[in-house]
Amino acid sequence: MTSKIISDYQLLKEFTENSSHEFQTPIAIIQGKLENMLEENNLSQSQMNSLIEMQSTLSRLSKMTTSLSLLTKIENHEFNNTEKLNLSVILRALLKEYEELLILKKITLSMDLAKDIEISGDRVLVQIMLTNLISNAIRHNIESGKINLTLSANTFIIWNSGLPTDVNPADFFERFKKSNQHVNSLGLGLSIVQKIAENYKYRISYQVEDDRHILKLNF
């Protein structure tokens with residue numbers, strides 16, 4: 001029975017890896033053909049709009065496939081590389097990558113990051129977790145909104161201004177769960193964050209206070 005379980009797990013693992021790879025090839029081919037069609041000069045405005053919608057849908061499919069594959073790998077504990085990581089340094093480096101987007105959306109960023117806060121984990125997973133949290137705070141913000149980050153010895157808190165939600169904040173950690181106000185979101189970002197947090201036994205919570213969406217991570 002043990003051998004059967006191991007065999008089934010290995011088959012499932014291989015299926016996940018193969019399906020993710022095989023999906024990306026036709027998606028890339030279709031994406032390339034759509035881009036070539038968009039460069040043609042004999043398209044009507046209606047045809048152009050349809051191609052743009054198709055391209056957007058295909059991009060969402062590609063991101064969804066990648067995200068679901070990542071979730072499966074995290075659940076299967078395939079990220080085994082553990083090292084000491086300086087969370088303060090990683091956070092500051094990631095935030096620099098979002099400077100232009102913050103300016104574009106007129107979002108004010110404030111932060112209070114303690115120096116040299118260290119955790120143990122896989123660098124890729126930790127960066128994915130932080131990237132998803134920052135992206136979520138930007139994507140679900142409002143025009144001329146705010147984001148605040150606080151990092152202390154055992155806690156990371158990120159809050160952003162936003163609209164009231166019609167969903168229980170705790171439910172956002174479920175796959176494909178999102179507010180009706182954010183139809184373009186995949187609804188997978190916080191699911192990935194939660195799986196990574198569970199992997200390292202971090203405690204994570206999400207709450208909404210008036211116009212502030214607050215996500216707290218205890219490690």
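In which sense do β6 and β7 pair, and over how many bridges?

Mentor: This is a predicted model, in which local features need pLDDT of at least 70 and side-chain atom pairs count only at pLDDT 80 or more, while totals for chains, interfaces and linings use all residues. Residues are numbered from 1 along each chain as its sequence is written, and side-chain values use heavy atoms, with hydrogens and water left out.

β6 (203-209) and β7 (212-218) pair in the antiparallel sense over seven bridges; helices (H or I, at least four residues) and strands (E, at least two) are DSSP runs numbered from the N terminus, and two strands pair if DSSP finds at least two bridges between them. Ser205 has Lys216 of β7 as its bridge partner. The two strands form a hairpin with two residues between them, and Asp210 in the turn has a positive phi of about 55°.

β7 also runs antiparallel to β5, to which seven bridges join it, and here Asn160 has His213 of β7 as its bridge partner. Five of the seven residues of β7 are buried, so this strand is largely enclosed by the rest of the structure; buried means under 20% relative accessible area, exposed over 50%, and partly exposed in between, with a 1.4 Å probe and protein chains only.

The whole sheet is open, with five strands in the order β2-β4-β5-β7-β6 and mixed pairing. β2 (108-113) and β6 stand at the edges with a single partner strand each, so one side of each has no neighbour in the sheet. From one strand to the next the twist averages 10°. α3 packs on the sheet by touching β2, β4 and β5, and its direction makes about 170° with that of β2, whereas α6 packs on the sheet by touching β6 and β7, at about 145° to the direction of β6. Axes here are lines fitted to C-alpha atoms, for helices over the stretch in contact, and angles run from 0 to 180 degrees between N-to-C directions. In α6, the buried residues are Leu190, Ser191, Ile192, Val193, Ile196 and Ala197, and just after this helix Lys201 takes a positive phi of about 60°.

Of its 40 residues, Phe156 and Ile158 touch the most other members. Elements that each supply at least two residues include β4, β5, β6, β7, α3 and α6, while α5 gives the most, with nine residues. Leaving aside neighbours within four places in sequence, Phe156 is in contact (heavy atoms within 4.5 Å) with residues that include Leu91, Leu130, Leu149, Leu215 and Leu217. A second, separate core of five residues includes Ile27, Leu34, Leu38 and Leu51.

Methods: A nonpolar core is a set of buried Ala, Val, Leu, Ile, Met, Phe, Trp, Tyr and Cys residues joined through side-chain atoms within 4.5 Å.
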